[in-house]
Amino acid sequence: MAERGAVIAVCGHEAAYGGALDGLAADGVTVVPAGRALFRTVTAHGRRGEETVVVPMTLGREPGLVADTARTLRAVPPDARGTTLLAAPLGTAQHLVGWLRAAAGRVEESAALLITAPAGDPFEDAELHRVAALVRRYGRRGLVEVAFSGGDPDPAEGVRRCRLLGARRVALLPAAFAPPELPAADGTVPVDLAGPLLSPPALRRVLAERVSDARRRWREHGDDGVAAGLTAADDHGHSHTHPPGEDHGHGHAHHHAHPSDDAHGHGPHAPGPPHPHHHHPSAAGADRAIGSIA
């Protein structure tokens with residue numbers, strides 16, 4: 001983060017509204033929850049004439065955080081905003097699959113993998129089930145289950161399900177910034193904590209890349225990222241669930257930003273044909289989109 005200006009890591013429930021990043025963010029990075037705290041922090045930097053880059057700290061399950069952040073930035077008065085850039089989120093669902101696959105490779109192959117994350121809304125939780133299915137499909141793990149801290153099933157129930165499915169050892173792998181609490185041992189199967197998903201140096205490196213990309217996009221194209229951020233959650237939730245045969249009838253455009261190749265799980269994206277509906281990567285497509293991991 002050696003370049004000029006301020007860097008703000010804005011957090012939602014995936015990062016415990018900032019609490020899960022204690023000691024993880026680089027020096028010089030301000031960690032704030034979404035909403036009023038972000039508004040006040042951006043305003044303070046803007047009035048000092050500083051360039052500010054805001055990075056949504058999601059691992060791919062919280063697109064609403066990106067859209068909410070964009071709305072907050074748009075609400076800051078122009079005279080108090082200065083040059084404020086919205087970076088791409090720290091991770092996407094495709095990154096999350098790649099990071100989990102890499103972390104799973106460090107776990108004993110005979111252990112069942114229990115992927116854990118803070119509970120979110122039903123669509124965020126369903127996304128983690130999809131991610132887990134891709135981890136299993138493109139890995140060498142026979143049993144991959146999902147559990148949610150503060151949700152259903154919780155980690156204790158997830159361990160019980162793994163045991164009933166024949167697991168003799170269970171590894172909890174966090175799809176989150178902070179590790180879950182290990183459930184109380186019941187004497188039936190050993191439970192280990194795998195992870196972290198990203199080491200602190202890797203997390204800082206990815207964060208620095210998002211900041212650098214945002215600054216380059218601003219220099220080369222004059223794009224502050226806010227317009228794209230406003231549509232980040234357009235394909236997430238009830239508002240985009242359509243019964244068979246029902247037309248969309250939406251009056252907005254969809255802007256999908258696809259990260260370029262790098263060494264942190266970004267991979268080549270093969271564009272598909274134009275289509276007004278929302279595209280969710282197929283299993284094979286997701287696997288192609290996963291490159292090397294930080």
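Mentor: This is a predicted model. Helix 1 (residues 36-47) packs against helix 2 (residues 63-75) at an angle of about 45 degrees, and their axes are 10 Å apart.

Trainee: Is helix 1 roughly parallel or oblique to helix 2?
Mentor: Helix 1 is oblique to helix 2, because angles under 35 degrees count as roughly parallel and 65 to 115 as roughly perpendicular, and the angle here is about 45 degrees.

Trainee: And is the crossing left-handed or right-handed?
Mentor: Helix 1 passes helix 2 in a right-handed crossing.

Trainee: Which residues make the contact?
Mentor: From helix 1, the contact involves L38, F39 and V42; helix 2 contributes T69, T72, L73 and A75.

Trainee: How many of those are nonpolar, polar or charged?
Mentor: The contact of helix 1 with helix 2 has five nonpolar and two polar residues, and no charged ones.

Trainee: Let us move on to E127. Where is E127 placed?
Mentor: E127 is in helix 5, which covers residues 122-137.

Trainee: Is E127 buried or exposed?
Mentor: E127 counts as buried. Its relative accessibility is 19%, and buried means under 20%.

Trainee: What is E127 in contact with?
Mentor: If neighbours within four places in sequence are left aside, E127 is in contact with R61 and A93.

Trainee: What about R101: which helix holds R101?
Mentor: R101 lies in helix 4 (residues 93-104). With a relative accessible area of 29%, R101 is partly exposed.

Trainee: How far is R101 from Y138?
Mentor: Their C-alpha atoms are separated by 8.0 Å, while R101 and Y138 are 37 residues apart along the chain.

Trainee: New topic: the backbone. Which residues does a cis peptide bond join, with omega of about 0 degrees?
Mentor: That bond joins D152 and P153. P153 sits in the loop between strand 6 (144-149) and helix 6 (155-164).

Trainee: And where is the cis peptide bond with omega of about 10 degrees?
Mentor: That one joins G195 and P196. P196 is found in the loop between strand 8 (191-193) and helix 7 (200-221).

Trainee: Turning to phi, which residue has a positive phi of about 50 degrees although it is not a glycine?
Mentor: That is A16, found in the loop between strand 1 (6-11) and strand 2 (29-33).

Trainee: And which has a positive phi of about 55 degrees?
Mentor: Y17 does, and Y17 is not a glycine either. Y17 is also in the loop between strand 1 and strand 2.

Trainee: Is A16 buried, exposed or partly exposed, and what about Y17?
Mentor: A16 is partly exposed, at a relative accessible area of 44%. Y17 counts as exposed, because its relative accessibility is 53% and exposed means over 50%.

Trainee: Last topic: cysteines. How many disulfides are there?
Mentor: A search of the whole structure finds zero disulfides.

Trainee: Remind me, what is a disulfide?
Mentor: A disulfide is a covalent bond between the sulfur atoms of two cysteines.

Trainee: Are C11 and C162 buried or exposed?
Mentor: C11 is buried, with a relative accessible area of 0%. C162 is buried as well, and its relative accessible area is 0%.

Conventions:
Residues are numbered from 1 along each chain as its sequence is written. This is a predicted model: local features need pLDDT of at least 70, side-chain atom pairs count only at pLDDT 80 or more; totals for chains, interfaces and linings use all residues. Side-chain values use heavy atoms; hydrogens and water are left out. A disulfide is a pair of cysteine sulfur atoms within 2.5 Å. Buried means under 20% relative accessible area, exposed over 50%, partly exposed in between (1.4 Å probe, protein chains only). Axes are lines fitted to C-alpha atoms, for helices over the stretch in contact, and angles run from 0 to 180 degrees between N-to-C directions. Helices (H or I, at least four residues) and strands (E, at least two) are DSSP runs, numbered from the N terminus. Angles under 35 degrees count as roughly parallel, over 145 as roughly antiparallel, 65 to 115 as roughly perpendicular and the rest as oblique. A crossing is left-handed if the near helix is turned anticlockwise from the far one by less than a right angle, and right-handed if clockwise. Contact means heavy atoms within 4.5 Å. Ala, Val, Leu, Ile, Met, Phe, Trp, Tyr, Cys and Pro count as nonpolar, Asp, Glu, Lys and Arg as charged, and the others, Gly among them, as polar.
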